[in-house]
Amino acid sequence: MSTTDAFAQAGKTAVLQNIHGTMAFLQKFPPFNQMDSAHLAYLVENCQLRFYGAGETILKPDDGPVEQFFIVKQGRVHGERPHSARRGTETTFEITTGECFPLAALIGERATRTEHLAGEDTFCLLLNKPAFIKLFALSNPLRDFALRGVSSLLDQVNQQVQMNAVETLGAQYSLDTRLGQLAMRTPVSCAPEMPLRDAVKLMHEQQVGSIVIVDPTQKPLGIFTLRDLRRVVADGSVLEQPIASLMTPAPFYLPPDASAFDAAMAMTERHIAHVCLVEHDKLCGVISERDLFSLQRVDLVHLARTIRHAGRVETLAALRSDVCQLVDNMLAHGASSTQITQLITLLNDHTVCRVIELTLEDMGDPGIPFTWLVFGSEGRSEQTLHTDQDNGILFEASDAAEAAAIRGRLLPLAHEINLRLAQCGFTLCKGNIMAGNPELCLSRQEWSKRFDSFVQATTPENLLASTIYFDLRAIWGAPRGCEQLRQGMLKHVAGNSLFQRMMAENALRQRPPVGLFRDFVVARKGAEKDTLDLKVQGLTPFVDGARLLALVHGIGACNTLERLRALIAQGVIEAQDGAAYEEAYHYIQQARMQQHQLQARNGQAYSNRVDPDNLNHLDRRILRESFRQAQRLQSSLAVRYQL
Amino acid sequence: MSTFTWLTGHKPALTEAQLERRQQLAEAAPLDNRTLQQRFVVLDLETSGLNMRRDVVLSIGAVVIENSAIDLSQQFECTMQREGHQASASTLIHGIAPSEIAMGAEPAEALLAFMEFVGDSPLLAFHAEFDQRMLARALKQSLGYRLQHAFFDVAEIAPLLCPKAGVGNAGLDAWTQHFGLQVQQRHHASADALVTAELALILFSKARQQELDSLPALQQQLNSRRRQRAHSM
């Protein structure tokens, strides 16, 4: 019987046991679970089932243009491509049960760039290209999936996150919305010569809170808001004078393509309530904080301002729950983990600054300029809601005696600040890495000596210390001393290859929890049985790897993603690799935050441990792929440092 | 009709068209110079019991291996009508209800269609001797046809190629478990045929590694293994 006859027959009796069984199997996985069952039946009826023994090549670049679409029915396939610039090969991805390949090559009608090998005994379903093309034309879910590849998986995850959150909040609003889309009305503007009285009249008629002063080409010269009007009236200024003399000159602006999140961050950072939208030097809109937050229950700008002006530490402490709710809202509105860590860092910085200022007011200003330093995750601007204190004080002193005297005066203040921060939800550091510790309230020279000793004497304690202290940032006081300290540190690290090697070893210590034969490697016993640690096992490899490469290449940035971007810019890592690391890091962080939010809502203690079996199929798959990227970063370090 | 004829020992009464089709059936191809790449039909039968003289074939499931791949577009699945069939202990195993048998295809038609599906290909089955005998008897009784196709026994090939598996002469379940295969519905003829075919694919891959790709060579190895075992017993 010819194949076409068989197909005709199979089509008529589409309930053949094996066709039915294979369809039921595929329906557990995207995109097959979204496909029309007639399309799926057609797919299965046109498949071949093939076996590949462990180590056998399935597809290789030399085979020429790809002629088949592969679905793993059972087993594991991995991709290997030649190491760029080095000998040997590296594993680039892993494909397991229910996943398919090679989409890009098949659609691009070219050969695969990566050799696909069976990682273990593997069965694949093979669909020939003509049948794939026919299905590609008929089935929207398959087409979408094929065209967007793995990034469509990430989209699906994001959609899921947002959907869950929107359900609890009932608001449709995204922080990724273009500002151009939010600024609905034409901006109210006037010439610089217009008398104040007329300008205010215009604002009143148009019922707006701000007016932008523009030149004849519509270029913004300044902005005048209702808040300014209060000041002007209080000052008793003459209402007849031209508005140019009373406006805030050179107003802050963003392009209309910037996101709502960008505007929110700008308003919070700069304490402004209006952002001009400017395109080609022409005013095209104004965004107010009300435009941004009309739909949110807790608004970012307001919260930041409340924190900045809080009169008592108790108020600050009470505001912590608002921060928590804000993060909830942000997750709901589709904010990414990067946006949220950025936001938490910003609000935490405001809180720290306010606590310092209040303490100075209460205890009296000793009149000695000092800089408040933060280390670790706070230093990297990667804080989550669950935060420990890691801080110190830097001051200028001409000699050891003066330094000791200043320390004596600053320590009580530092100690009090630590206690008050604890009151505001920043847990006291168990390792006593706090400014109230005499060893961490140092002059610039003392700090620099201390940092040198970390690099010179590579004991395990010093290595550990360097992973905390070398991620530093000034958040209150003059930043100059901190920068000088950093530059000195970078110079020392660059000149010490032994230290670099030790750091590389240290960066390989935490192995991502993916196994050769199982999906994930989880704890075998104890209370942590069957779980893995998202932070230590998932994020730490990225953080350590990025720190090592950044310090070695003289990159001053502390944030892991900024470090990765700088490393790409310097050509230390390939752009493609860097982007993959970034995506992976981002995803693990996102998973961790969602877990924290859930724990907070359920009144549980924060934990970074997850049981992969509790994740849905999609999340599990992406998490595994993310860990795989951490593994790749580590193996590139191992090659670089010959470990 | 067919039940009646085997009771009386008369030749089966076939229609003109059926006789014509029987005439057209392909003869089994000789196996010389053939390799494992050629077309095989992997077969599983569900029967009314295990008595090779008394029990009858109730359903046939078959899939095709060609060029070392299972071609899902070529499958055979058929339940046969058996007059006076009653539920027995076997019903619990294969799960084919008497009502389903009553709705089944007329045996001569079913067997003709199956042999057309087989063509000149050799057959593969697990514990093939049973399937071979049951099928041969059914063909004889319902069609007056003599089955001459070669049968290869997966239960025999498996320990030959995987002597270290430690599975020995155990059944299909032991081998599927050994290779981590999943059966969609055990004791459904088609699903059993598919898992037998998957097992065969693994074995073919091992045969290639052991340079036993040629069918006569494989057959020779199987024969000598059989002789050895007969000797040692």
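Tutor: Let's begin with A:Pro31, which sits in the loop of chain A between helix H2 (17–26) and helix H3 (37–45). Bear in mind that this is a predicted model. The peptide bond leading from A:Pro30 into A:Pro31 is cis, with omega near 0 degrees. Chain A has another cis bond to look at, running from A:Phe101 to A:Pro102, with omega near -15 degrees. There, A:Pro102 falls in the loop between strand S6 (100–101) and helix H4 (103–107) of chain A.

You'll find A:Ala250 in the loop between strand S12 (248–249) and strand S13 (253–254) of chain A. A:Ala250 counts as exposed because it has 10 C-beta neighbours inside 10 Å, and the cut-off for exposed is 12 or fewer. A:Ser381 also has a positive phi without being a glycine, this time near 55 degrees. A:Ser381 belongs to the loop between helix H15 (376–379) and strand S17 (391–395) of chain A. A:Ser381 is buried, because 24 other C-beta atoms lie within 10 Å, and 20 or more is what buried takes.

Now over to where the chains meet. Chain B puts 23 residues into the contact and chain A puts in 22. On the chain B side, strand S3 (69–79), helix H5 (107–118) and H9 each supply at least two residues. S3(B) gives the most to that side, with 8 residues. By type, the chain B side splits into 10 nonpolar, 9 polar and 4 charged residues. S3(B) also pairs with strand S1 (residues 47–52) of chain A, antiparallel, over 3 bridges. In that pairing, A:Arg50 stands opposite B:Ala69 of S3(B).

Finally, the packing inside. The largest nonpolar core has 101 residues, and B:Val42 and B:Ile60 touch the most other members. Helix H9 (residues 189–209) of chain B gives the most to this core, with 13 residues. Setting aside neighbours within four places in sequence, B:Ile60 is in contact with B:Leu43, B:Leu45, B:Phe76, B:Cys78, B:Ala110, B:Phe114 and B:Ala189. There's also a second, separate core of 94 residues, and its members include A:Ile356, A:Phe395, A:Tyr587 and A:Phe627.

Notes. Residues are numbered from 1 along each chain as its sequence is written. Chains are lettered from A and ligands numbered from 1 in the order in which they are written. This is a predicted model: local features need pLDDT of at least 70, side-chain atom pairs count only at pLDDT 80 or more; totals for chains, interfaces and linings use all residues. A nonpolar core is a set of buried Ala, Val, Leu, Ile, Met, Phe, Trp, Tyr and Cys residues joined through C-beta atoms within 7 Å. Helices (H or I, at least four residues) and strands (E, at least two) are DSSP runs, numbered from the N terminus. Two residues are in contact if their C-beta atoms, placed from the backbone, lie within 7 Å. Ala, Val, Leu, Ile, Met, Phe, Trp, Tyr, Cys and Pro count as nonpolar, Asp, Glu, Lys and Arg as charged, and the others, Gly among them, as polar. Two strands pair if DSSP finds at least two bridges between them.
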